[in-house]
Amino acid sequence: MDGLVLRKLGRRFGAVDAVLDFDLHIKPGEFVSLLGPSGCGKTTTLRMIAGFIDPTSGSIELDGKILSAPSGSVPPEKRGMSMIFQSYAIWPNMTVSQNVAFGLNLRKLPSDEVKKRVGAVLETVRMSHLADRYPAELSGGQQQRVALARAVVIRPAVLLLDEPLSNLDANLREEMRFEIKRMHDEFKITSVYVTHDQGEAMVTSDRIAVMNNGHLEQIDTPYALYSRPKTRFVASFIGRTNFLSGNCGNHMIDFAGFSVPVAMIGEEVTGGGPITVSIRPQAMKLSATEAPRDKAINLQGSVQQSAFLGETWDYVFQSKDSGLQFRVAAPPADVFQVGAPAWLQIDPAQIVPIAD
Amino acid sequence: MTSVSHPAATTWSQDQPVKARVPWHQRLQPANLLWVFLAGILVVLIVAPMWTLVVSSFTDAKTGGWTLQNYVEAYGKERHITALTNTLKMGAVVVVLKLAFGVPLAWACTRTDMPGRNFVRYSVFGAFIMPPYLAGVGWILLAGPNTGWINRVWHSLSGSTEPLVNIFSFGGMVLVTAIGGFFLVFVLVSSAFEMINSEMEDAANILGAGPFKTAMKVTFPLVMPAIIGAALLSFLGAIALYGVPALISIPARYPVVVIQLTEFFSFPLRIQVAAAYSIPLLLITAAMLGLQKLILRRKGYVSVSGKGGERRIVKLGRWRWVLFAYCFCVVALSVLMPLFVLLLAAFSDSWTTGFSFSNLTLSNFHYVLFEHSSSQKALIGSIGLGIVAATVAITLALFIAYIVQRRLIPFSGLLAFLAVSPYVVPGIVLAIGFYAAYALPPIALYGTYTIMALAFITRFLPIAFTTSSAGVRSIHPEMEEAVRILGGGRVTALRHVVGPLLKRTLAGGWLLIFVPAAQELSTAIFLVGPTTRVVSVVLLDLSEEGELEKLAALGSLLLIIIVAVVAIGMRYLGRDFMLRRS
């Protein structure tokens with residue numbers, strides 16, 4: 001199978017499974033993020049791909065060739081990959097261009113070829129004018145660009161990124177997200193990106209693998225992950241959401257105070273019985289008057305809390321009948337006072353059943 | 001799932017993928033062979049000599065069988081037991097004196113506004129560069145009972161014929177031993193004082209403690225572990241020192257262990273008895289260091305190793321001159337006076353006639369450089385051995401520290417243990433071990449530079465290891481992982497990244513080894529051959545021949561060379577590199 005394949009990958013430290021039964025297939029040229037809270041095993045997984053940690057079960061293959069298995073692994077230096085580290089790991093004893101040229105020199109490329117490639121990649125990351133500086137003379141963002149250049153210049157089979165932006169301040173982080181995306185679009189390197197920041201993952205990735213407690217929760221495109229979370233963990237980790245418990249009958253799902261026809265829900269629901277759904281704050285709308293009740297679910301109630309976040313209002317709405325509370329996102333123009341009566345409309349197509 | 005050997009794996013992976021195994025030639029890392037090689041070197045340097053030492057202490061010299069006779073012979077005579085108790089007594093008194101010298105000076109230089117702090121610092125540093133036996137010679141010139149300058153001044157002033165001071169006494173030996181070693185107390189206690197954040201003292205002040213109470217309840221307890229550690233090391237240094245007893249112990253009629261050991265090594269040669277006699281020295285050292293570890297491990301003392309914050313200087317007022325006077329006395333006793341008379345003697349025709357211009361000469365230098373049979377060669381030999389020992393020890397220690405810090409192999413802690421273990425072996429005992437293991441046929445290294453170089457490397461490996469280890473710890477592992485993921489092996493990472501980043505640390509460590517190695521006496525004493533003498537040994541020969549002016553000239557030459565090397569080192573490393581080591 002082409003690309004990077006993790007099969008039933010597992011790593012145990014003492015009695016703890018840091019990673020367990022992890023299956024992932026990354027297609028050539030694809031950009032996949034491993035997203036999860038700290039301690040979820042994402043860095044362990046990345047370091048297994050790099051070859052710094054050997055798995056205790058399962059295997060890692062690249063283009064059909066086994067790289068890692070519990071019996072032994074190809075050392076990192078023979079994998080033809082490259083990596084961007086959390087600490088950048090720019091060597092302070094070498095200039096910018098020496099840092100970038102290092103991997104090329106290890107490959108024994110002729111010196112004019114090295115020079116050409118280093119020049120070109122520094123041009124791409126807009127660092128040409130600083131080629132002879134030492135890392136201590138660079139800002140954090142510039143060091144990050146050197147790390148990026150050093151990693152892509154060797155045209156690696158796989159590019160690994162270990163929380164590369166976590167040491168930057170907010171503005172630079174935003175800028176570098178797009179820089180990384182741009183580099184990927186330009187070179188089409190198969191990339192694995194580890195982060196705990198969903199924003200970073202969504203900007204850069206073709207697909208995001210959400211990890212929790214050492215196993216894979218869900219892997220999907222950023223849009224699918226947000227709009228169709230499959231588990232409670234994914235729904236709450238990516239963005240904010242409202243969880244609702246209900247009971248699924250033959251044709252209707254009953255929640256406290258209202259019911260929705262099974263057919264109207266965006267996803268197929270199998271089997272009856274208790275059910276949990278996730279409704280994003282953006283899947284609902286607040287209005288001062290009762291809207292025509294054709295498709296949407298309409299609930300009467302009042303605004304309990306409000307917070308203005310700049311791009312949106314964050315309201316807490318309480319239903320009059322059931323006392324259920326919902327977090328609702330509203331555009332800045334929709335102003336409601338706390339305590340004001342309001343109507344809540346829910347788009348049934350955006351109600352997503354999830355596994356607990 | 002034949003390839004999955006991990007027992008835990010079976011609990012969760014019922015259906016494994018196809019047999020996943022990476023061919024061995026792809027897994028091979030050349031670095032792995034290096035680790036085997038290093039372990040081999042450590043066996044040669046440490047395990048074999050120490051093992052031979054212990055084994056030979058139980059071996060019958062004639063039959064080669066097992067025996068306890070060596071111990072009977074070693075401890076059967078009252079004289080031998082006296083030497084042992086004398087040594088312990090002397091060690092205890094030396095510790096008190098070293099602390100009395102080192103602790104106030106350390107406090108004065110780090111925490112007060114005493115004038116001349118840098119002068120004191122540099123002078124103490126001078127005490128480190130001056131080998132103890134040269135300070136000893138200086139004090140023989142100063143306080144020899146009949147011809148010592150102090151006594152001659154006293155005689156002419158008082159008309160008395162009795163000496164005022166006599167260096168050939170218990171007190172003399174203790175004084176000279178202490179001035180040669182209080183440098184270590186100063187360094188250890190200074191760095192502890194520098195680690196104390198004034199905020200800790202402020203916290204006591206704000207809660208109502210006055211300056212005195214703060215000092216007793218906060219400051220002093222915080223440096224206590226450093227003082228205890230320094231005291232233990234001082235004791236060990238004192239009981240294992242060879243140079244000073246060699247000059248003073250016999251005329252002072254105060255037998256000590258190291259002198260007794262040389263007796264076993266003179267005709268008839270009784271290595272096995274010497275081995276048996278040196279075992280208590282080894283055990284005392286090991287016990288002391290174990291005790292130190294136990295004390296330092298107790299909780300609460302750990303905070304001293306935190307980062308040093310802002311330190312407030314204690315304003316002493318008029319007392320600062322009193323303190324300076326004390327510091328000046330210590331420095332004068334330990335460095336200025338012996339160094340002055342040594343240099344003066346080196347340029348004198350005859351040191352007994354006192355100072356006059358007609359007495360000045362350069363002939364002593366000419367003699368030791370061009371006329372004396374072995375001193376020129378000894379100078380080259382000492383410097384060469386210093387260079388070789390420092391270079392090899394640092395290189396070896398770097399590799400070991402790297403393996404240990406990065407946990408590259410299982411049981412790498414064992415390598416670390418071996419690398420620091422020579423610390424518990426006094427130099428003279430190490431020499432006996434090397435003699436027993438390698439001097440005699442079939443290896444027959446006796447009297448070669450090789451056996452001395454090996455012994456010196458072993459002796460200074462612990463310093464090299466602690467320096468390298470701290471250095472490697474300061475380098476983020478990702479620095480090397482970046483090399484590896486780009487296609488370089490561990491050796492490439494060491495050469496291109498770790499090595500260059502540690503250049504300064506390693507150079508500092510190199511100097512810390514070079515200086516004592518070029519002066520080393522106790523490890524050399526049993527290993528030198530007729531054609532491979534080192535300066536320290538030639539100096540002792542000259543002292544036995546009574547050629548003190550020539551001795552002073554040769555000693556001065558050694559000092560000049562060492563000072564030159566250290567000066568170059570300071571130029572590149574900053575002047576503090578030796579005073580600030582941990």
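Here's a quick tour of chains A and B, starting with the helical chain and moving on to the strands. Keep in mind that this is a predicted model. Chain B has 24 helices and zero strands, while in chain A we'll look at strands, including five that form an open sheet.

**Chain B: the overall picture**
- Chain B runs to 582 residues, and 47% of them are buried.
- Take the contacts in chain B between residues at least 6 apart in sequence: 79% of these join residues at least 24 apart.
- The largest nonpolar core counts 286 residues. Those with the most contacts inside it are B:Val189, B:Ala393, B:Ala397, B:Ile432 and B:Ile513.
- B:Ile432 is a handy one to click on. Leaving aside residues up to four places away in sequence, B:Ile432 touches B:Leu53, B:Ile271, B:Ala274, B:Ala275, B:Ser278 and B:Phe526.

- Domain 1 of chain B puts 38 residues into the contact, and domain 2 of chain B puts in 36.
- On the domain 1 side, the helices that each supply at least two residues are α5 (117–129), α6 (132–143), α8 (170–195), α11 (243–248), α12 (257–265), α13 (271–297) and α14 (319–346).
- α13(B) gives the most to that side, with nine residues.
- By class, the domain 1 side that touches domain 2 has 29 nonpolar, eight polar and one charged residues.

**Chain A: the open sheet**
- Five strands line up in the order β14-β13-β12-β15-β21, with antiparallel pairing.
- β14 (258–261) and β21 (351–354) stand at the edges with a single partner strand each, so one side of each has no neighbour in the sheet.
- On average, neighbouring strands here are turned by 40° against each other, direction ignored.
- Inside this sheet, β12 (residues 242–248) and β13 (residues 252–255) run antiparallel and are joined by three bridges. One pair to look for is A:Cys248 with its bridge partner A:Ile253 in β13(A).

**Chain A: strands around β10**
- β3 (residues 31–35) and β10 (residues 207–212) of chain A run parallel, joined by four bridges. Here A:Ser33 stands opposite A:Ile208 in β10(A).
- β10(A) also pairs with β11 (residues 215–220), this time in the antiparallel sense over five bridges. In β11(A), A:Ile208 has A:Asp220 as its bridge partner.
- The hairpin of β10(A) and β11(A) has two residues between the strands, and A:Asn213 takes a positive phi near 50° there.

Notes
Residues are numbered from 1 along each chain as its sequence is written. Chains are lettered from A and ligands numbered from 1 in the order in which they are written. This is a predicted model: local features need pLDDT of at least 70, side-chain atom pairs count only at pLDDT 80 or more; totals for chains, interfaces and linings use all residues. A residue is buried if 20 or more other C-beta atoms lie within 10 Å of its own, exposed if 12 or fewer, and partly exposed in between; C-beta atoms are placed from the backbone. Two residues are in contact if their C-beta atoms, placed from the backbone, lie within 7 Å. A nonpolar core is a set of buried Ala, Val, Leu, Ile, Met, Phe, Trp, Tyr and Cys residues joined through C-beta atoms within 7 Å. Two strands pair if DSSP finds at least two bridges between them. Axes are lines fitted to C-alpha atoms, for helices over the stretch in contact, and angles run from 0 to 180 degrees between N-to-C directions. Ala, Val, Leu, Ile, Met, Phe, Trp, Tyr, Cys and Pro count as nonpolar, Asp, Glu, Lys and Arg as charged, and the others, Gly among them, as polar.
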